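Colleague: Could you walk me through this model and tell me what stands behind each label you use? I would like to see the cut-offs too.

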Amino acid sequence: MISNDIFAHSPFRRGVAAILGFGFGLFAAITAAQAEDLETLKPGVLQVAIEAYMPYTALKDDKLVGLDSDILDAVAKKLGLKIETVVTDFPGMLAAVQSQRADITIGGIAWSDARQKAGLFTDPPYYSPPAMAVHGEASYPDVKSLEGKALGTVTGYVWAKSIAEVPKADARTYPTADSVFSDLSSGRLDVGFLDPLLIIYQQQQRPDMKFRVAYLDAPTAEQVAAHPDYKYFQPYMTGFYLPKQAPKLTQAISDQIDAMYKDGSLATLVTKWGGDPKQFLVPSPDMAAQRRGVDRPQTWSPPSIAN
């Protein structure tokens with residue numbers, strides 16, 4: 001019988017190790033070269049602008065945490081990119097991308113025609129159902145029931161346009177989500193329009209606050225025709241947002257997002273942060289038409305776990 005010690009010190013063993021070492025080194029070199037070819041402001045580094053917006057994004061002990069953060073971290077590792085983060089507010093993070101002071105911004109950002117004209121959106125990492133934070137026990141099943149009520153959202157969010165169109169409503173915008181929750185809890189606000197995971201997360205963190213999660217029936221086509229900005233009361237596509245000068249980076253990230261739909265890793269992350277993959281990872285029928293011929297080809301289909 002040949003001794004293991006003999007094999008361990010044999011030229012064959014050393015030759016295999018050398019070949020494997022060369023292979024790993026070559027792979028690392030190729031990955032690094034690909035990362036440097038992705039139009040980032042600093043080679044090999046992805047500079048991310050966020051606001052503290054749990055459970056989507058936050059910086060904790062110099063590490064990105066939250067749903068969007070977990071998704072981006074997985075993507076960056078696949079692309080061989082190191083992440084650097086700057087924390088700002090919502091308008092600031094959009095402006096950082098549009099002025100090319102950051103490579104990307106993330107955190108429940110809704111796709112809109114106006115935003116895509118000033119930047120680039122990836123494919124949706126997830127979709128967002130129309131959730132509301134509601135004070136007390138009153139029921140608001142549809143847009144009609146919101147008329148004459150005190151409605152709030154955060155400055156810059158797409159719902160600011162929607163609530164402004166509700167007849168006789170007292171439409172308010174706030175600098176932060178915490179301000180919305182505070183007025184909801186005190187009764188100064190009837191309904192707050194915020195991202196669904198944020199409402200669920202706030203309930204978990206502050207069970208003493210007097211609000212609950214509810215879902216709004218999407219407005220009809222006739223209602224949207226009469227009030228065009230009611231479209232933001234419908235489920236919407238989120239996206240990671242990048243500068244116009246980074247089409248290759250945008251496509252590379254979209255490719256990784258699409259792969260995460262297929263391999264089940266997105267469903268795992270959505271579930272981890274309190275979401276239902278069937279709500280968050282299946283597009284509504286009209287979403288393809290919103291982007292086809294705008295910032296996607298006519299043949300584009302939104303990614304989905306239902307495919």
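Colleague: What is the order of the strands in the open sheet of five?

Modeller: The order is β10-β9-β11-β8-β12, and the pairing is mixed. Before going on, please keep in mind that this is a predicted model, with local features needing pLDDT of at least 70, side-chain atom pairs counting only at pLDDT 80 or more, and totals for chains, interfaces and linings using all residues. Residues are numbered from 1 along each chain as its sequence is written, and side-chain values use heavy atoms, with hydrogens and water left out.

Colleague: What makes something a strand or a helix here?

Modeller: Both are DSSP runs numbered from the N terminus: helices are H or I with at least four residues, and strands are E with at least two. The protein has 13 helices and 14 strands on that basis.

Colleague: Why are β10 and β12 called edge strands?

Modeller: β10 (170-174) and β12 (211-215) each pair on one side only. Two strands pair if DSSP finds at least two bridges between them.

Colleague: How do you know that β9 and β11 pair?

Modeller: Strand β9 (residues 150-154) and strand β11 (residues 191-192) share two bridges, and at least two is what the definition asks for. Their sense is parallel, and leucine 151 stands opposite valine 191 in β11.

Colleague: Which helix lies across that sheet, and at what angle to β8?

Modeller: Helix α7 (residues 177-186) lies across β8 (131-135), β9, β10, β11 and β12, running at about 40° to β8. Helix α8 (residues 196-205) also packs on the sheet; α8 touches β8 and β12, and its direction makes about 155° with that of β12. Axes are lines fitted to C-alpha atoms, for helices over the stretch in contact, with angles from 0 to 180 degrees between N-to-C directions. Contact means heavy atoms within 4.5 Å.

Colleague: Why is the pair of tyrosine 53 and tyrosine 56 called stacked?

Modeller: Rings of Phe, Tyr and Trp (its six-membered ring) pair if their centres lie within 6.5 Å; planes under 30 degrees apart count as stacked, over 60 as edge-to-face and the rest as tilted. The centres of tyrosine 53 and tyrosine 56 are 5.4 Å apart and the planes are at 20°, so the pair is stacked. Phenylalanine 181 and phenylalanine 211 are stacked as well, at 4.9 Å centre to centre and 25° between the planes.

Colleague: What does the pair of phenylalanine 181 and phenylalanine 211 tie together?

Modeller: Phenylalanine 181 lies in helix α7 and phenylalanine 211 in strand β12, so the pair ties together parts that are 30 residues apart in sequence. The structure holds eleven aromatic pairs. Ring pairs also link Tyr53, Tyr56, Phe90, Tyr126, Tyr157, Trp159, Tyr236 and Phe280 into a cluster.

Colleague: How do you know that arginine 291 sits over the ring of tryptophan 300?

Modeller: The test is that NZ of Lys or CZ of Arg is within 6 Å of the ring centre and within 35 degrees of the ring normal. The charged end of arginine 291 is 5.2 Å from the centre of the tryptophan 300 ring. Arginine 296 lies over the face of tryptophan 300 too, at 5.7 Å from the ring centre.

Colleague: What makes the link between aspartate 70 and tryptophan 273 a polar contact?

Modeller: A polar contact is a pair of N or O atoms within 3.5 Å; within protein, one must be able to donate a hydrogen and the other to accept it, and residues adjacent in sequence count only if both atoms are side-chain atoms. The side chains of aspartate 70 and tryptophan 273 are joined at 2.9 Å.

Colleague: Why is β1 described as largely enclosed?

Modeller: Five of the six residues of β1 are buried, so the rest of the structure largely encloses this strand. Six bridges join β1 to strand β4 (residues 82-87), and the two run parallel.

Notes
Buried means under 20% relative accessible area, exposed over 50%, partly exposed in between (1.4 Å probe, protein chains only).
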